[in-house]
Amino acid sequence: MTYPEFISAHGPRLLDGTLVTIQQTILAALLAVLIALTFGMMKISPLRPVRALATVYIEIFRGTSLLVQLYWIFFVLPLFGLTIDKFTAGFVAVGMNLGAYGAEVVRGAIQSVPRGQWEAGVALNLSPARRMWRIILPQALVIMLPAWGNLMIEVLKGTALVAMISVADLMFAARQINGTTYLSAQVFGTALVIYYVLARFGITPFMRWLERFVARRMGRV
Amino acid sequence: MKQELTGYPLTLDGPDRPMIRFADVSKSYGDLQVLDRLNLDVAEGEMVTIIGPSGSGKTTVLRMLMTLETIDEGVIYVDGNPLTHMPKGDLLVPADRRHLRRERANIGMCFQHFNLFPHMTALENCTEGPIHVLGLSRDAARERAEELLEMVGLIDKRDEYPARLSGGQKQRVAIARALAMRPKVMLFDEVTSALDPEVTGEVTEVIRKLVGKHNLTMLMVTHQMGFARDISDRICFFHNGRIEEQGPPSELFGNPQSERTQQFLSAVNEAI
């Protein structure tokens, strides 16, 4: 079977899988950002228990395997009465895992906003919430965006694991095709290229655009 | 900070009460004593300048008033009310966040490094506080901000971001931003120290305009002796966390009594 024949026979399935991978990536990324902002800010709370909670979350989700976390969410939580469909379990696991990494990025960025900005916020008597939301976070965003570019690519690659709980993503489709055709080089080679293209021509340009967009809004240009 | 204070009044009353009072205020960082039982009164409408060698506690005084630093001992009053403490029964106890927020509304501050918000235009810098803290409508805040930007001579820069302003312009926007909160006390912390010498004048001109306006009380830390001499009602020379000597500019500069003051002033004069 030539490669064009392979593509015409299995291309549609790989395409369907790719669309699921894209959905998983977007949803996991949104969740990761939400979690990272929440736990990143908790990490610098003046309240010790709040900080401790954030530390526990970050350490657990960074310190253990994403695959094990995925199995926990999909196979073990139902034993405690919490059943989640596999599609949701997939992006939730990836989002929670990468969110833990992101929390450290958020914390670091917030703390590297110059002290003078916090002090100006106090001098204007802004409430702590408004100071964070209007003054600190917008500036932290500029600082943290390059690191998020990396994390987003990690999110994309992390979603390949959701195939292990039978979410019909790109990797799942590739494994199925391989199981019936044994054309390993073609099918995994194609999957490799698709993941690369998504990262290189999807995520990277998007993050670059976002960096430029934010820089413009920040009056840096 | 000590838990409860006795022996200090809960409020300052009477016609001659000061706008600012430091009563026995001490502060140390580890072994370093920054302020040593400081007592200082500033009257309403008075312009007081603090001078002294670096590390003498000048800036700390301003930062305490802005509640950016805590104090170890003593109490600070602003406009008759305790700032660092609040009354509880007959005692003064350390202020909680709500008390600090209420009392520091009396105070505005300009910093050495401006600390403008880089993601907001000059105008937005000046409307942020009035809208979100004072609760002014957007129109009212805008009107107030434009009036102040006009006063500092930057109305044509209102839509520029700080990155496109010169140092002197940034500091003038910062002054407008602080004044937009209508403080009773303005603090100027080495506001010309980060500027090129040829533009310090545009900032000092603005401060000069404020003297005697709206009964504004001003406390300034500066190394510009000529400027301090020109506009201050009183000069305080700080040394080792204490006021070594104070008086009207003509006396302090013209006839300093303390040896420390003489040394400092002659060193400053030589540097010029």
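User: Where is the place of A:Thr2 in chain A?
Analyst: A:Thr2 sits in the segment before α1 (3–42) of chain A. Helices (H or I, at least four residues) and strands (E, at least two) are DSSP runs, numbered from the N terminus. The model is a predicted one, in which local features need pLDDT of at least 70, side-chain atom pairs count only at pLDDT 80 or more, and totals for chains, interfaces and linings use all residues. Residues are numbered from 1 along each chain as its sequence is written, while chains are lettered from A and ligands numbered from 1 in the order in which they are written.

User: Is A:Thr2 buried or exposed?
Analyst: A:Thr2 is exposed, because 8 other C-beta atoms lie within 10 Å. The cut-offs are 20 or more other C-beta atoms within 10 Å for buried, 12 or fewer for exposed, and partly exposed in between, with C-beta atoms placed from the backbone.

User: And how far is A:Thr2 from A:Gln186?
Analyst: Their C-alpha atoms are separated by 9.5 Å, although the two residues are 184 apart along the chain.

User: What share of the contacts in chain A is between residues 24 or more positions apart?
Analyst: Such pairs account for 77% of the contacts with a separation of 6 or more. A contact here requires C-beta atoms, placed from the backbone, within 7 Å.

User: Switching to the interface, how many residues of chain A are in contact with chain B?
Analyst: On the chain A side there are 18, in contact with 22 residues of chain B. The elements of chain A that give two or more residues to this side are α5 and α6 (128–158). Helix α5(A) gives the most, with six residues.

User: Which classes of residue are on that side of chain A?
Analyst: It has eight nonpolar, five polar and five charged residues. Ala, Val, Leu, Ile, Met, Phe, Trp, Tyr, Cys and Pro count as nonpolar, Asp, Glu, Lys and Arg as charged, and the others, Gly among them, as polar.

User: How many residues of α5(B) are buried?
Analyst: In α5(B), 12 of the 13 residues are buried, so the helix is mostly covered. Among them are B:Gly168, B:Arg172 and B:Leu179.

User: What covers them?
Analyst: The cover includes α5 (115–123) of chain A, and from chain B also β8 (107–110), α3 (122–132) and α6 (200–210), among others.

How values were computed: Two residues are in contact if their C-beta atoms, placed from the backbone, lie within 7 Å.
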